Amino acid sequence: MTLQTLAREMMATPALAIVMTLAAYMLALSLYRLMRYPSWAPPMLTGSLLLALFIAVLPVDYDTYYLDAHWLTLLLGPATVGLAVPLYEQFQHIKRLLIPLTVSLLVGSITACAATLAIAWALGLSPDILASLAPKSITTPIAIGVSEGLGGYPGLTAGIVTVTGILAASTIPPLALMLRCHDPRVVGLALGLNGHGLGTARGFGIDAQTGAFASLAMGLNGALSAIVLPWLAGWLGQ
Amino acid sequence: MLKGFMWLMIFLVIGNLLQTVLALPVVGSVLGMLVLFLVLIVRRRSSRSMGVAAGHLIHYFTLLILPSAAGLFFLGTTLTDNWLRLLIAIVLGTLISSVVTLVTMQAMVRWQQRRDDAAGAS
């Protein structure tokens with residue numbers, strides 16, 4: 001039996017694909033702990049690198065692996081739906097700041113998408129790349145959903161979202177100092193809206209209120225962008 | 001846990017139905033999330049069972065996304081031909097929107113403060 005046929009036999013059931021994914025995830029988590037939680041190397045980045053390495057080393061191709069890994073990615077559906085519950089619970093605490101939050105969210109959400117798309121378009125990037133780029137500031141599961149809906153590449157979007165998160169988490173605190181924004185609600189909102197989960201983690205590293213506002217901004221931005229983006233992207237695509 | 005999971009799946013099915021029937025460019029899971037969010041707002045009460053199920057699933061988001069995320073390294077020329085322009089768009093776009101968000105929220109918080117002060121003084 002050749003290695004190729006053996007690999008094909010092994011990929012006939014999803015077991016190997018799931019083991020590869022779990023192993024990459026666990027290794028990434030251990031590395032993250034070992035390196036004392038570096039914000040520039042979240043488990044999402046190291047994990048996908050390790051997984052890509054496994055796929056490259058083993059005699060399997062990405063498409064076959066991805067098909068088998070469906071047993072795991074299927075759960076992304078109910079997990080994304082479930083984001084509504086913490087979002088609703090956060091939503092309860094902000095009634096007093098409803099107008100500032102709504103205005104800032106609308107302005108920030110549209111700028112996050114439109115500024116990037118305008119630059120990318122001016123640089124001559126193609127529509128499928130623009131579709132992958134549009135949801136760059138949204139939390140990854142929603143971003144992948146939006147990207148797929150617009151005809152983008154889910155893998156590219158996941159990478160773009162991770163890079164954006166790392167960038168926003170590391171640049172917003174110094175930017176806020178330069179602009180003399182010391183209010184934790186302002187810094188928190190900017191971190192969550194532009195840097196989704198990674199920005200929110202950075203927010204909780206500053207203090208609890210910054211983190212709470214970041215996580216609220218992340219959730220509301222995800223929900224809002226899911227409605228606005230397809231419409232905005234369609235309009236920009238004209 | 002299982003009851004909450006069933007309800008999340010029901011909202012996922014509702015989202016999928018909406019996507020198909022209305023031919024929307026957003027996947028069913030995101031539509032399901034929006035519908036559930038609206039239902040919770042109208043009901044004015046969170047759901048314990050759905051909260052527990054959602055908590056477990058959300059805890060493993062990174063794991064569930066890894067198969068898609070690894071796709072980044074198998075895009076071939078789509079990535080190698082475009083990575084520099086992509087990076088420029090991401091860096092500039094993120095800086096612009098970060099500054100805009102900070103300035104807008106700062107101005108809005110001050111506006112709210114003045115409004116509250118005026119309401120308190122009258």
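**Helices, spans and contacts**

Modeller: From the N terminus on, chain B runs α-α-α-α-α-α; helices (H or I, at least four residues) and strands (E, at least two) are DSSP runs, numbered from the N terminus. The model is a predicted one, in which local features need pLDDT of at least 70 and side-chain atom pairs count only at pLDDT 80 or more, while totals for chains, interfaces and linings use all residues. Residues are numbered from 1 along each chain as its sequence is written, and chains are lettered from A and ligands numbered from 1 in the order in which they are written.

Colleague: How many helices and how many strands are there in chain A?

Modeller: The elements of chain A, read from the N terminus, are α-α-α-α-α-α-α-α-α-α-α-α-α. The count for chain A is therefore 13 helices and zero strands.

Colleague: What radius of gyration does chain B have, against that of a compact globule of 122 residues?

Modeller: The radius of gyration is taken over C-alpha atoms, and the globule rule is 2.2 Å times the number of residues to the power 0.38. The C-alpha atoms of chain B fill a box of roughly 65 × 45 × 30 Å along the principal axes. A compact globule of 122 residues would be near 14 Å, but the value for chain B is 21 Å.

Colleague: What is the radius of gyration of chain A?

Modeller: The box filled by the C-alpha atoms of chain A, taken along the principal axes, is roughly 70 × 45 × 35 Å. A compact globule of 238 residues would have a radius of gyration near 18 Å, which agrees with the value for chain A, 19 Å.

Colleague: How far apart do the C-alpha centres of the two domains of chain A lie?

Modeller: The domain assignment, which is automatic or from a database, gives domain 1 (3–74) and domain 2 (82–236) of chain A. Their C-alpha centres lie apart by 27 Å.

Colleague: How many residues does each domain of chain A give to the contact?

Modeller: Two residues are in contact if their C-beta atoms, placed from the backbone, lie within 7 Å. By this rule, domain 1 of chain A gives five residues and domain 2 of chain A gives six residues.

Colleague: Which element gives the largest share of the side of chain B that touches chain A?

Modeller: In the contact between the chains, 69 residues of chain B meet 84 residues of chain A. The elements of chain B that give two or more residues include α1 (2–22), α2 (28–43) and α6 (83–121). The largest share, 25 residues, comes from α6(B).

Colleague: How do the residues on that side of chain B divide into nonpolar, polar and charged?

Modeller: Ala, Val, Leu, Ile, Met, Phe, Trp, Tyr, Cys and Pro count as nonpolar, Asp, Glu, Lys and Arg as charged, and the others, Gly among them, as polar. On the side of chain B that touches chain A, the division is 49 nonpolar, 19 polar and one charged.

Colleague: What is the helix content of residues 83–105 of chain B?

Modeller: The unreviewed UniProt entry annotates residues 6–39, 51–77 and 83–105 of chain B as "transmembrane region"; such annotations use the numbering given here, have shortened feature names, and may be inferred rather than shown by experiment. Residues 51–77 of chain B are 70% helix, with end C-alpha atoms 42 Å apart. In residues 83–105 of chain B, the end C-alpha atoms are 32 Å apart and the helix content is 100%.

Colleague: At which residue does a kink lie in α11(A)?

Modeller: Helix α11 (residues 154–178) of chain A has 25 residues and reaches 35 Å from its first C-alpha to its last, close to the 36 Å expected; the expected span is 1.5 Å times one less than the number of residues. A bend is the angle between axes fitted to the seven residues ending at a residue and the seven starting there. In α11(A), a kink of about 35° lies shortly before the proline Pro173(A), at Ile172(A).
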